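Please keep the model in view while reading.

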Amino acid sequence: MEKNSDFILDIKELPNRNAEYLETLFALGNGKFGVRAGNPLKVNQQYPGNPGLFVNGFFESEEIQYGEWAYGYAKQHQTICKLPNLRGVTLRIGSEDSAKEEWQIKLTHAQLDMKQGVLFERYAVKTPAGKSFDLKMTSFASLARSELFVCKYEISKHNFEEPVHFTQSLFQEREAINENDDPRVVSKEQDLGIEQNQDIYQFTTKNSQKKLAIKWIKNDDSFEGKKDQFVSIFQISSIMDATDESAPSFSCELAEFDTLLKEQRQMYHNFWSVSDIRIKGNDTLQKGIRFNLFHLNQGAGRDGQTNFAAKGLTGEGYEGHYFWDTELYILPFFIYTQPKTAKALLSYRWTILEQAKARAKELNQSGALFAWRTIDGQETSAYYPAGTAQVHINADIVYGFQLYERVTGDHQFIEEKGREVVFETAKFWVDFGDFINKEGQLAFCINGVTGPDEYSALVNNNYYTNKMAQNNLRYAVELANRYQLFENEREKWQKAADLMYFGYNQEMGLTKQDDGFLDQALWDFEKTPKDHYPLLLNYHPMIIYKYQVCKQADTVLAEMLFTDDFSKEQLLRDYAYYEKVTTHDSSLSRSIFSIMASRTGQVKKAYNYFMDTALMDVTDLQGNVEDGIHAANMGGSWLSLMYGFAGLRYDQGLKLTNYLPKEIEELRFQLMFKGERIEVILTQQKIDCVLIPNSKHTLTISGKEVLIN
């Protein structure tokens, strides 16, 4: 099949050849599992790199050790398990063995074909005795049969005739754990039990008491001729309770390599037919955005039991935890292009509602409080000022359900699952907040919380938190009225929403990030060395917290989500002020500043911020791609295009406004709105929309604005 270069990520285009960086960029996954693209001979420590397999939801736990404990602190860490390298092979030629002695191996060709979802590689290999050959690999994580990782190995011998014997084993030497002070990167020694029964390996965690099985399916064990091939398939079971004595369950059927490859191409054809974004005017940008969408597609849990980890399934960064990133940065892409996947991601939140209710009860609050960072629903953040205190996650999750209903029209899902989440979080807000006399009048205040800006902790009336809580409460009232439920609570929810406090500094003409932020001294940016960023790695939290300095968009994020609630003049003042005090130490920040620059007419600035988001991982802008992709930023790059350049927002229908920068000649994409596909084309002069024949939607076009309802 002919390759489309617009969809090819070629190693020759990349800025460096660091092994761990390449492992992340070329990683393959399907939402159930992810495989880093490691050295195929690495089954021990004599070869460089950090390869491994990550299965979504398969984690180990351990007690959190506190020097000083307090009531309600999180009790256990959870860390995704790094399982053995499924690509790892041992080759033998006569008495020479690649696992016992180091062979020379050089990656000479690597292309990730994102249109097909397939990785093509070629290695030049030479043994200590001088026998040389090319090792070619074609691999993919099947989307059609999510249990399967498929790899075809082909050998071309150069200067010998002896057979090359090929073996694989998941009994591999584990990497030594590198000590790292970066709280974003945690590698833990995991005492995994591993048993082998013929070609089935079973892995069991000691503390979390989970198990899964991996079956190895092979077609031969040697390369006999000048050129031959070997197909290896690994089948990964569902996660089970370790106490379950039943045999491992493998649900999908097997097929020949060519059949599996054909299925993979079809699945990616289906994905790109709706989700692709075509950009005219910048080939690098075009490839960068496709790379981001490709990895979003690879990382999303689709079984309703798992979610989207901060690093996808490409690395150990953030321990494989799920955060608010999913609902605010990643979910919109799926809602508007792959609603079935969006529904599965939201279903996960419903499955952990009981844990959220238990957490609220533990904190002596009503309703439910979702964990800030988690895998199975239990709170795992040991540092509560930047963890549990970020109660805005409740409203973030509800915002996801609300947007899903508005865009898809799937009211049944909200009735069956979503509404319970909305009601329980509303109960939390009215219990956690307080009615207080504020500035001479009664107001509903939410004190002692941390907003998205983690450089300001335990503040009163964080603007973003209050705005999102207000939305949460109003949506609860809407659903309670619709279903005639919670008649008594409805009045409390409505009152709290109506009296929600929002701080404003009249003298400065600024929206207050929180009650005290604008009263603090400004951080001295001029005297801060470049190598002291991110601040969190170089300054004690006590020092950071007492200054006006933002890690990421906070008030500006609230204004992005509710733009129509503000005047353009207010948006411009707030943007100018908060931009000066924001470090963008979080990868979640630049996309929001790009969107709001678009919406306030700062087109050049919007484009510059967007370029950082679109190419962040390819260029390794944050310097830590080796730990995994920045999944939320990838979602943010989609938001920058859709919410920014195309001005997409929901207000009794879809609204689009053309903010296309001059660097882009044309932007073309598709959206799913209430079951119908809509094509949108932006040029420098106009915006066009194409509806399907006999569409139930209507279009209202006015210059560079469109309303679809």
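The centres of domain 1 and domain 2, taken over C-alpha atoms, are separated by 40 Å. Domain 1 comprises residues 4-65 + 77-272, and domain 2 comprises residues 338-502; these bounds come from an automatic or database domain assignment. The model is predicted, so local features need pLDDT of at least 70 and side-chain atom pairs count only at pLDDT 80 or more, whereas totals for chains, interfaces and linings use all residues. Residues are numbered from 1 along each chain as its sequence is written, and side-chain values use heavy atoms, with hydrogens and water left out.

The two domains touch through 9 residues of domain 1 and 7 residues of domain 2, where contact means heavy atoms within 4.5 Å. Together they bury about 610 Å², of which 63% is on carbon and sulfur atoms; buried area is the accessible area (1.4 Å probe) that two parts lose on being put together, summed over both. On the side of domain 1, the residues losing the most area to domain 2 are Phe59, Ile64 and Gln78, which together account for 62% of what that side buries.

What polar links cross this interface? There are 2 residue pairs in polar contact between domain 1 and domain 2, both residues being at pLDDT 80 or more. A polar contact is a pair of N or O atoms within 3.5 Å; within protein, one must be able to donate a hydrogen and the other to accept it, and residues adjacent in sequence count only if both atoms are side-chain atoms. Strand E6 (76-80) and helix H2 (257-275) are the elements that give two or more residues to the side of domain 1 touching domain 2. Helices (H or I, at least four residues) and strands (E, at least two) are DSSP runs, numbered from the N terminus. E6 gives the most to that side, with 4 residues.

Salt bridges (a side-chain nitrogen of Lys or Arg within 4 Å of a carboxyl oxygen of Asp or Glu) number 0 across the interface of domain 1 and domain 2, while the structure holds 31. One of them joins the side chains of Lys218 and Asp199 at 3.4 Å, N to O. Lys218 belongs to strand E16 (residues 210-218), and Asp199 to the loop between strand E14 (193-197) and strand E15 (200-204), so this pair links distant parts of the chain, 19 residues apart.

Two backbone details complete the account. Tyr533 and Pro534 are joined by a cis peptide bond with omega of about -5°, and Pro534 is placed in the loop between strand E25 (521-522) and helix H11 (541-545). Glu319, a residue other than glycine, has a positive phi near 60° and lies in the loop between H3 and H4.
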